[in-house]
Amino acid sequence: MQFGRYYEEFEVGAVYKHWPGKTVTEYDDHLFCLLTMNHHPLHLDAHYAAETTEFGKNVVVGNYVYSLLLGMSVPDVSGKAIANLEVESLKHVKPTFHGDTIYGETEVLDKTPSKSKDDRGVVHVETRGYKQDGTVVCVFRRKVMVPKRSYGEARGGEQPGRPEPAAR
């Protein structure tokens, strides 16, 4: 199974549909909030959310949705990356709630060969996340430095560093 792409494999305009989706549970949301010390009651306090917000229920913390989509995109986009260079924009378009299932897709916007090293290039992508009903909830653009095939071959091919099993 392919994990990431070499620079030559990216085509401007290509769209990679990430699979599978992920149903967000209350546990996922609360654990992420607690791990990142985001204790805003909008995410953790059901009574607060019901009584004081327009949504009437807890909203999943946006950085979890972003992180989930970023992770979903790794096998298709950055699995071979040398470096994630920047996130140039991040928009939380609509709220996500406990029980929503998030799906993602990434479009290749541009690609530029490195000016300083001929074994890599920069790929500019936009990832869109949407719920089970198609509502877009998160959109972000980033630039990823990815190797050319020559870089990968010089370091062990498709699975660099993978050991062979010891003889029995």
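Trainee: Which residues of the largest nonpolar core touch the most other members?

Mentor: A word on the source first: this is a predicted model, in which local features need pLDDT of at least 70 and side-chain atom pairs count only at pLDDT 80 or more, while totals for chains, interfaces and linings use all residues. Residues are numbered from 1 along each chain as its sequence is written, and side-chain values use heavy atoms, with hydrogens and water left out. The core has 15 residues, and Val24, Tyr64, Val65, Leu68, Leu69, Ile102 and Cys138 touch the most other members. Helix 4 gives the most to this core, with six residues. Apart from it lies another core, of nine residues, including Tyr16 and Val77.

Trainee: What makes a set of residues a nonpolar core?

Mentor: The residues must be buried Ala, Val, Leu, Ile, Met, Phe, Trp, Tyr or Cys, joined through side-chain atoms within 4.5 Å. Helices (H or I, at least four residues) and strands (E, at least two) are DSSP runs, numbered from the N terminus.

Trainee: Why is Cys138 called buried?

Mentor: Buried means under 20% relative accessible area, exposed means over 50%, and partly exposed lies in between (1.4 Å probe, protein chains only). Cys138 has 0% relative accessibility, and therefore counts as buried. Cys33, also at 0%, is buried as well.

Trainee: Is Asp28 buried or exposed, and why?

Mentor: Its relative accessibility is 16%, so Asp28 counts as buried. Asp28 belongs to helix 1, residues 26-35, where Asp29, His30, Phe32 and Cys33 are buried too. The cover over the buried residues of helix 1 includes strand 1 (15-23), helix 2 (41-44) and helix 4 (62-78).

Trainee: Which side chain makes a polar contact with the side chain of Asp28?

Mentor: A polar contact is a pair of N or O atoms within 3.5 Å; within protein, one must be able to donate a hydrogen and the other to accept it, and residues adjacent in sequence count only if both atoms are side-chain atoms. The partner is the side chain of Lys22, at 2.6 Å, and the pair is accordingly a polar contact. A polar atom of the Asp28 side chain also lies 2.9 Å from the backbone nitrogen of Thr25.

Trainee: With which residues is Asp28 in contact, leaving aside neighbours within four places in sequence?

Mentor: Contact means heavy atoms within 4.5 Å. On that basis Asp28 is in contact with Lys22, Thr23 and Tyr64.

Trainee: Why is Thr36 called partly exposed?

Mentor: The relative accessible area of Thr36 is 44%, so the residue is partly exposed. Thr36 is found in the loop between helix 1 and helix 2. A polar atom of the Thr36 side chain lies 2.7 Å from the backbone oxygen of Phe32.

Trainee: What makes strand 4 largely enclosed?

Mentor: Ten of the twelve residues of strand 4 are buried, so the rest of the structure largely encloses it.

Trainee: How do you know that strand 3 and strand 4 pair, and how many bridges join them?

Mentor: Two strands pair if DSSP finds at least two bridges between them. Eleven bridges join strand 3 to strand 4 in the antiparallel sense, and Glu107 has Glu126 as its bridge partner in strand 4. Eleven bridges likewise join strand 4 to strand 5, again antiparallel. Strand 1 and strand 3 (residues 101-113) pair over six bridges.

Trainee: What is the order of the strands in the open sheet?

Mentor: The five strands have the order 1-3-4-5-2, with antiparallel pairing. Strand 1 and strand 2 (83-92) are the edge strands, since each pairs on one side only.

Trainee: At what angle does helix 4 run to strand 5?

Mentor: Axes are lines fitted to C-alpha atoms, for helices over the stretch in contact, and angles run from 0 to 180 degrees between N-to-C directions. Helix 4 lies across strands including strand 4 (120-131) and strand 5 (136-147), and runs at about 40° to strand 5.
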